Amino acid sequence: MGVLLMMLTGTKLFDVFGVPVPEWYHGLQENKMMAMVGIFFMGNMVESSLLSSGAFEVSVNGEMVWSKMDTGYLPSLEHLISTIDDKLGAGAQPFTPDFESLGGDL
């Protein structure tokens, strides 16, 4: 993101901080479009690798009830609801999801 900001502001950003313009910056300025596309794809690649952990975790009142990282698979909806009901206790109102409010037929 910082490199994109530098490319859009030109040499003004270096002037503001009183830093001489580095040599590599001139190469970026000569090939702005290729540099921006490269930065965009590189940023997406880094973001995707950071977000692809496959984690799915559910907690109730701060206590972990399900972790895909621990079990290796996703629970069925019925199993998840049953587990949440068990954690909430016998005196609690049973959890019934309202799928109609989601706007679809599930």
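Author: Start with Glu 63, which is partly exposed at a relative accessible area of 43%. Keep in mind that this is a predicted model.

Reader: Which side chain meets Glu 63 in a salt bridge?

Author: Side chains of opposite charge can pair when their charged atoms come close. Here the partner of Glu 63 is Lys 87, with 3.1 Å from N to O. Lys 87 is also partly exposed, its relative accessible area being 40%. The two residues are 24 apart and link distant parts of the chain: Glu 63 belongs to strand β2 (residues 63-67) and Lys 87 to helix α6 (residues 77-88).

Reader: How many salt bridges does a search of the whole structure find?

Author: The search finds one.

Reader: What is the bridge partner of Glu 63 in the neighbouring strand pairing?

Author: That partner is Val 60. Strands β1 and β2 run antiparallel and pair over four bridges. Two residues lie between the strands of this hairpin, and Asn 61 has a positive phi near 55°.

Reader: Which residues make up the largest nonpolar core?

Author: In soluble globular proteins, nonpolar side chains tend to be buried together. In this model the largest such core has six residues: Val 58, Val 60, Val 65, Trp 66, Leu 80 and Ile 84. β1, β2 and α6 are the elements that each give two or more residues to this core.

Reader: What does Leu 80 touch, leaving out residues up to four places away in sequence?

Author: Leu 80 touches Phe 56, Val 58, Trp 66 and Pro 75.

Technical notes. Residues numbered from 1 in each chain as written. Predicted model: local features only at pLDDT ≥ 70, side-chain atom pairs only at ≥ 80, totals over all residues. Heavy atoms only, no water. Salt bridge = Lys/Arg side-chain N within 4 Å of Asp/Glu carboxyl O. Buried < 20%, exposed > 50% of the residue type's maximum accessible area, 1.4 Å probe, protein only. Pairing = 2+ DSSP bridges. Core = buried A, V, L, I, M, F, W, Y, C linked by side-chain atoms within 4.5 Å. Contact = heavy atoms within 4.5 Å.
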